[in-house]
Structures are given as structure tokens and as C-alpha cells.
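Me: I am new to this structure and would like a close look at a single part of it. Please take one residue and describe its surroundings with care.

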Amino acid sequence: MALPQKHFKRGSPKPEIPEDGVLRYYSMRFCPYSQRAGLVLAAKKIPHHTVYIDLSEKPEWYIDYSPLGKVPAIQLPQLPGQPALVESLVIAEYLDEQYPGEGSLFPKDPLQKALDRILIERLAPAVSAIYPVFFTKNPPGDAIKNFETALDVFEQEITKRGTPYFGGEKIGIVDYMIWPWFERFPALKYSLDEPYELDKTRYQNLLKWRDLAAQDEAVKATALDARIHAKFMRTRHEAKPNYDVAFEPL
């Protein structure tokens, strides 16, 4: 269940959330780390209330749920003290264990689980390289090259695994944890002076994976159109981020 379709900002009163024991999910609509948590909530079909947070002007009360002011955060009102959790992987693992009904997203084998966590962390160089391209007018000249080199790891891994998903024959935690960035890459067709797309030969299997993952129900439930991502990126280029463009028509 979503509350008003807007991001709460400095000076906003706390939203009125029903005292019904339902999990509360604090997010920013364009944050890929928040989307990670949203994907797990959707995949596990976990009831929740969604509160969107303006990260440029965080509401004063948000520190009660996320001491560092980060998203995502989830609050667990059904538990004593109504604790809150932060960090996308921490939240994902907690939800996967606490709500087993839809099947586990993490591998049951401890070694494979550890290896998958390492693979998720190996996305970091690609994220570091592409962020300036997403959000600044003048990214470093080697940003795309560094980004592509970091992505080679994932092309090699999906090829080595020989399965449709990183999770095997069905979608799993690696797929959901890296998906948010792959949702955003196509926005570069619209946001850059020279439109950019991933090389179809260099990333043949990775792009097959992307097209398949895009059809997943949880992915579709949390996705935004590439043109909306590009619209938000342009507001960042102008140093006037407008998070509520997520709720505007194309």
C-alpha cells in the first residue's frame, strides 16, 4: 500500500500511517538501493506501506528510522520497540529469511550464498564509473570505458553459469540486487548528447539476461520507464533534483 505519491521533505509532517502492524518501507523512487528492497518486497509479496523520502531535503523526523538519513529503511511495527533496518542487502536477507513463503531468493548452499554476495559487491566499480555519467554534465572521459570493463565480470559470470538467470533456472538474489542499474542504463539513450547503449556483441548473454529479467513480475512492479529515469537525470544535471517526476506522466 502506498501513501501519497510524493516525496516527503524538510518541514513535512509525518505521514499518517495506519497502526496495523504492516511493515513500513522508506524509499526514494529513483534510488537503485531502495529498489533492491522494493524488488524483494514485491517478489515475496510482503504487504507494506511505502513512504517516499526527498534525499535533498530530508524530513526532520526521518532520522528516527534511519540515523544516517539513508534509504532504504524498513520499520517493523509488529515487533516490540518497532525496530528499523537499513542497508539494502541487510534488508533483503532479513526479508528473505523472515518471509519464506514464496521460496528463498538466496542460495541454500552457504558457499554459493557467499560467492553470490561477493558477485553483488563486484558491481561497485561499475556503479562508481557510471554514476558521473548518469548525474553530471561533464563526466570523466574514461567513465564509460571503466564502466564497461567492470561489466565484463557479469558477462563472463552469466556465460560461465550457463543458466538464464544468475540465480539459476529462476530469478534469485543476485538478479534482483543488480537489476536496478540495468534498468537505468537504457536512459543513457535519452540523457546524453551522444546516445549510449551497451554493445550487443560484447554483452550478448548479459543483454539476454536483461531482457528476460525485465519480464519478471517483481521487476515490472517496481520499474520506471527509461525516459522517466532520463528526465530525473536531467534535473540532477541542473543541480535541481526533482524526485516527484517519477509520478508525472511521460
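Reply: A residue is called buried when its relative accessible area is under 20%, exposed when it is over 50%, and partly exposed in between, using a 1.4 Å probe and protein chains only. By that rule aspartate 54 is buried, since its relative accessible area is 7%. This is a predicted model, in which local features need pLDDT of at least 70, side-chain atom pairs count only at pLDDT 80 or more, and totals for chains, interfaces and linings use all residues. Residues are numbered from 1 along each chain as its sequence is written, and side-chain values use heavy atoms, with hydrogens and water left out.

Aspartate 54 sits in the loop that runs between strand 3 (48-53) and strand 4 (73-75), where strands are DSSP runs of E of at least two residues, and helices are runs of H or I of at least four, both numbered from the N terminus. Beyond its neighbours within four places in sequence, aspartate 54 is in contact (heavy atoms within 4.5 Å) with His7, Phe8, Lys9, Pro59 and Tyr243.

As for the setting, the chain has 10 helices and 5 strands, and 50% of its 250 residues count as buried. Its C-alpha atoms fill a box of roughly 50 × 45 × 30 Å, taken along the principal axes.
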